[in-house]
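This report looks at charged side chains.

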Amino acid sequence: MKKPIAGFSKLSKSEKIEWIAANYTQNPQELKKILESYWNSDSRLQQLHDEFIENTISNFYMPMGIAPNFLINDRLYAIPMAIEESSVVAAASKAAKFWEGRGGFRTTVLGTEKVGQVHFMYHGSTSKLLDFFKNIKTTLLSEAEHLTQSMQKRGGGIKDIVLKDKTSELPNYYQLHCTFETQDAMGANFINSCLEQFAETLKKEALAHPYFSEQEKQLEVVMSILSNYVPNCLVKAEVRCPIDQLNLTQDISPRDFAEKMVRAVEIAKVEPYRAVTHNKGIMNGIDAVVLATGNDFRAIEAGAHAYAAKDGTYSSLTHAKIEGDLFSFWIEIPLAVGTVGGLTKLHPLVKLNLEILQQPSAVELMQIMAVAGLAQNFAAVSSLVTTGIQKGHMKMHLMNILNQHNATDKEKEAILAHFKTHTVTHRGVLNSLENLRK
Ligand code: NDP
């Protein structure tokens, strides 16, 4: 019978491991061996990782690969990707190479605005609240100046604060809807600090407001927090070429291929079951770059999917069209990312990946990520409308199956050769392995 533990966080790392080993595993020695095998031999590097989060007991590795040949606005990039799913880096590389020979990717940043809100409850006259807000708006801004000075010097800061009446959706609910420019930072800490200051000023000024009743003075701040929905922090990435250059495979004519691509995207626009998987494929590419550059993939995911549902139905984040002889394929996606702050200057691999990406600004990184998502989607949809994706996937998955069953190098060599001309299935690989081992 397991018992809860008090004060776990106060234990040393080895005490934590002892406790988890004694209480949650059949084989404590094996658990310790595995955890320790993932520690870094450089104790300073290990300590850095230990201190990223709480209660650290080991590191969780993920492969990091490179997808080369991305021509973005006439500049070549090799994109680092951290991802566990086989075939993502291969697909991105294939799409990059294909478009490199057809003019590459064109990108535009459509906006960089971030959002945060102070949510509060107010029991009283809305018009009095509006007048009050007009009076205190400059105080809200001036009392946050100690937080915003250096951001302003960089050209960023608070853009605006708007009072929103949300009482038709929830009785007595209002908000300060605030917009920010956070330059090369994703901005979560800057925005949250500003919002908490706005909340303090709001409460203080309400208490002192001469025209408020006692009840109106007691407005209740519920929370102050940035929003990960950033529809105006938006980037567009596009590829286009004459249809006759869409000669990916001999099995389908370039025009049929272009038409099938457009139809596949149209389906993802109207059918949420397909759109979710379509967008998941886009996020395969984007998340891998988000992780490799130390950004927050939960924030990016939440914002991207909310944007995909902005018109009331969950829909495709990519678009495709044929105009005369020209095929175009593009993505529009909100990406609030940073090249400073968070882990970006701390994690040695993140620093290295930003160097590989030629030290991008946040705005450049948005463009690189959007391109990775578009490339991924182009590769996935083009496989889907031609050969299907299983052929490529299972080929990549073959190595995972072999490793799962501890295949030796010699066994791997023989089985890889066999499956060059046979369809890969899980059972088929096991059968081959068993035959070899007989
Ligand atoms: P940091 O607070 O670590 O760093 C950003 C700060 O760096 C800025 O506020 C600024 O401070 C300074 N800075 C230095 N150079 C620049 C520059 N060129 N451009 C902009 N700022 C610069 O990171 P963030 O505020 O970006 O927060 C990111 C982290 O927050 C992520 O790790 C994320 O996981 C986490 N987070 C996310 C949340 C969410 O998404 N909902 C919620 C809470 C946290 P100064 O002006 O003072 O110099």
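A residue counts as buried under 20% relative accessible area, as exposed over 50%, and as partly exposed in between. K391 has a relative accessible area of 65%, so K391 is exposed. The model discussed here is predicted.

The protein has 438 residues, and 44% of them count as buried. Its secondary structure comprises 16 helices and ten strands. Along the principal axes, the C-alpha atoms fill a box of roughly 90 × 70 × 40 Å. Across the whole structure, 21 salt bridges are found.

**A positive patch**

K391 sits in helix α14, which spans residues 390-404. On the surface, K391 gathers with K94, K395 and K420 in a patch of positive charge. Members of such a patch must have over 30% relative accessible area and no salt bridge. At 65%, K391 is over that cut-off.

**A buried lysine**

K114 presents another case. This lysine belongs to strand β4, residues 114-121. K114 is buried, yet has no salt bridge. Which side chain of opposite charge is nearest to K114? That side chain is E181, 6.3 Å away. A salt bridge requires a side-chain nitrogen of Lys or Arg within 4 Å of a carboxyl oxygen of Asp or Glu. The side chain of K114 does reach a backbone oxygen, that of A185, at 3.3 Å. E181 itself is linked with E113 and K159 in a network of salt bridges.

**Paired charges**

Side chains of opposite charge can pair when their charged atoms come close.

| Salt bridge | Closest N to O distance |
|---|---|
| E259 and R255 | 3.9 Å |
| E323 and K321 | 3.6 Å |

E259 and R255 share helix α9, residues 254-270. They are four residues apart, about one turn of the helix. E259 has a relative accessible area of 29%, so E259 is partly exposed. R255 is also partly exposed, because its value is 33%.

How exposed are the partners in the other two pairs? K310 counts as partly exposed because its relative accessibility is 42%. D311 has a relative accessible area of 67% and is therefore exposed. E323, at 48% relative accessibility, counts as partly exposed. K321 counts as partly exposed too, at 30%.

Technical notes
Residues numbered from 1 in each chain as written. Predicted model: local features only at pLDDT ≥ 70, side-chain atom pairs only at ≥ 80, totals over all residues. Heavy atoms only, no water. Patch = residues over 30% accessible without salt bridge, like charges linked within 9 Å, V, L, I, M, F, W, Y side chains within 5 Å. Areas by Shrake-Rupley, 256 points an atom, 1.4 Å probe, with all protein chains shown as cover. Lys, Arg positive; Asp, Glu negative; His and termini not counted. Charge placed at Lys NZ, Arg CZ, Asp CG, Glu CD. Helix = DSSP H or I, 4+ residues; strand = E, 2+ residues; numbered from the N terminus. Buried < 20%, exposed > 50% of the residue type's maximum accessible area, 1.4 Å probe, protein only. Polar contact = N/O pair within 3.5 Å; in protein donor to acceptor, adjacent residues only side chain to side chain.
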